[in-house]
Amino acid sequence: MTSLEKVEELLEQGKITRRRFLAQASALGVGAALSPMLFGGKAQAAAPKRGGRLRLGLAGGSTTDSLDPATITDMMVQVINQGQIRNNLVEIDADIRPVPELAESWEPSKDAMQWVFKLRKGVEFHNGKTLDADDVIYSINHHRGKDTKSGAKGIVEAIKDIKKDGKHTVIFTLSGGNADFPFILSDYHLSISPAGSNFLDGVGTGGYILKDFEPGVRAFAVRNPNYFKSDRAWFDEVEIIGIADVNARTNALKTGQIDVMNRCELKTVLLLKRIKGIQVMQQNGFKHYTFAMRCDTAPYDKNDLRLALKYAVDREQMVKTILRGYGEVGNDHPIGSANRYHAAELEQRRYDPDKASFHLKKAGVGNITFDLSAAEAAFVGAVDAAVLYKESAARAGITINVVREPNDGYWSNVWMKKPWCAVYWGGRPTEDMMFSTAYAADADWNDTFWKNERFNELLVAARAELDEKKRRQMYVEMQSLVRDDGGVVVPMFVADLAAASDKIAHGKLGVNWELDGMRCSERWWFV
Amino acid sequence: MSPLITLVLKRVGLGVLTLWVISVLIFVGVELLPGDLAEEILGQNATPETVAAFRRELKLDLPPHARYLAWLGGLTEGDLGNSLANGRPIAELIGWRFANTLFLAASTAVVAVPISIFLGILAALYRNSLFDRLISMATLSTISFPDFFVAYILIALLSVQLLLFPSVSNINPQMSLLEKLYAIVLPCLTLTLVVVAHMMRQTRAAIINILSSPFIEMAHLKGLRRARVVVRHAFPNALSPVINVVALNLAYLVAGVVIVEVVFAYPGMGQLLVDSVTKRDIPVVQASGLIFAATYVTLNLLADVFSIISNPRLRAPR
């Protein structure tokens, strides 16, 4: 327990006054704003307290789900994995900073190629085993190697070697410098299970012990009395009910059968807000919708043509009609305002039919029709968004033909196959993760097939740069390169909307994932 | 051998053949869908290497006929196999869900079948009266709406407005029978409204058909009361078509209620089947499909047997 946590607990138990708490906290060098107990909105005012059964009604569960972190893909198991049964070495806090979780501290080498992680001592798994370096190595290696089925294979590829140094130290050697390495270890796939585990029994170090799990239907967990965090996991029990239908979720919340729902319907969230006793929680995060053009395929290989299409989209209108205002306009690069190095200084690109037709003429492709592939599977409202795009482009003399693709198999048959298509991106907490995942020349998911030499040089350099200021400069330049040369149209960043009974209280919400960075179960409490 | 037993044996044989054909059709159907389990599970996260590793481990790289025969071999030994997606035995996945599906279907049947037959007899009795028209209009309207619409209306009225019944019917093993019954009131009511019209109209039509027969005229001429003529003389002779339509509706209640299950988040077979098709989990799709098909085959067989038993002329053919 950190010293801040200690004084917070004293405050909570009424053993010290608020004034004394403030003095102690500032003596520790932390701003009082760090503690949700003192300031904040209505829901943040009261001190956390123990007790109650949290009932979550969640979309994003499937009967084919598995607890294996390698194949976790959607919300129901993600919420179980993060904030309930397992922990990572690193946690992302509400201000998008990496903070220690199972690791106690970490230290990079000068070139950021070697990272030494000290593990927290005395942490116990649910089966009574004590956490040590072998568990960490076993859990990370689950995602490495030739035979892994892990969705995280790409992000741990940069790890060249993992070895232990004593029971409580793990040393990661990377193939290239990476100043953001702690962020990588916060990825939800990379949660820690005991060595030798089959990953299916749900044994972890987390604040809740899984008692009952029926994929897609129900999960039930009770509080772990030995949890190593004393200021987390406030509920006695957490129940997750899989409710795929948004109307069913909304009704269940209205009638008090659940306390929290995720993924509110944009069309009806306004009505939900008016109901007494219900709070709507909006998280403006990294999630964005794109239209990806393949830069290796004519006519999208001409930058003037790409610019023409970028000027031909009416972003404000899309945010207003497709997102009903619950989002922000994008600037044709994937770094949103929630990111650390977001380039606010770049001019916002606006709908400009004149510039669009100017660039179209300059591209010299003649009068052709552009096929834009879309389906609801890409993102909710993708087909409508494509039709809006078609209308705004028509006013610039550009003809778009919206091709409605089947939802089924969209990611295997349309995405990265068709020359221009609608895409959903969950976004990443760091610039490097986002760019390396989808914009680096050799990335598996470089869905625009964009290969810009300067960008790729900067990507490697910025990754290893430990100097904040230089790093920022590089990332700003990279954002402008994607914006002005890349193959992606990023019209909007979309907010996550969840709703809860107003009996639920929480601190500042982490926006890196839905439901407070997936960690609602351990961060929230009943007032 | 009694003709009834011969018929049952013949139909069972044909039923098994039907099931086999269905299993082939389901397999081919799912195979024809684009993508496979590895791609669907990994979704946007798929890389060629992880997809290949997935396929190797689950033997998805074998040719389709080899996979089908392996599955059929397991089935003949009574082994439904394991889910490809999470490795759990399919019998375990399906067992309690099928029990839940049967629970909802049986509860609905207990309410819906007597009501529709009773209403059908009344409608025949008071044919072309205001009552007949009203009852026909009401039941035909409920059947004309899509089932999810009926469900939402019921939720809006009885759950959200009046707070009488829960809007989500997520029953679990920890609940008592009474709690379970309370939880499924709304889905049960929805399904009742959806199936009543069909059975009620069929009962009415069958009885009216019989009412024009000479023996009914004879009964009238003997001076029997109208109600007695309909219930004692006409209805038993109208049973055969009624039994058939009841069987058809029971089969629908078991196999066709996916949407109602989704609206009420009811943990039955429907959601399992939908998820498994989406993820291309072929063994689970096969097993669920076969169970649904077997339900239809069995109920049809039972309907025929009961029709024969209820009809003396068929019972002892000359």
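Predicted model: local features only at pLDDT ≥ 70, side-chain atom pairs only at ≥ 80, totals over all residues.
1. Glu101(A) is buried, at 0% relative accessible area (buried means under 20%, exposed over 50%, partly exposed in between, with a 1.4 Å probe and protein chains only). Its partner in a salt bridge is Lys229(A), with the closest N and O atoms 2.7 Å apart (the cut-off is a side-chain nitrogen of Lys or Arg within 4 Å of a carboxyl oxygen of Asp or Glu).

2. Residues are numbered from 1 along each chain as its sequence is written, chains are lettered from A and ligands numbered from 1 in the order written, and side-chain values use heavy atoms, without hydrogens or water.

3. Glu101(A) and Lys229(A) also belong to a network of salt bridges, whose members include Glu91(A), Asp231(A) and Arg519(A).

4. Have a look at Asp259(A) and Arg55(A) as well: their side chains meet in a salt bridge at 2.9 Å, N to O. That pair links parts of the chain 204 residues apart. Asp259(A) is buried at 6%, whereas Arg55(A) is partly exposed at 24%.

5. Then there's Asp180(A) with Arg340(A), at 3.0 Å between the closest N and O atoms. Asp180(A) is buried at 2%; Arg340(A) is partly exposed at 31%.

6. On scores, the model has ipTM 0.78 and pTM 0.81.

Definitions and conventions: Helix = DSSP H or I, 4+ residues; strand = E, 2+ residues; numbered from the N terminus.
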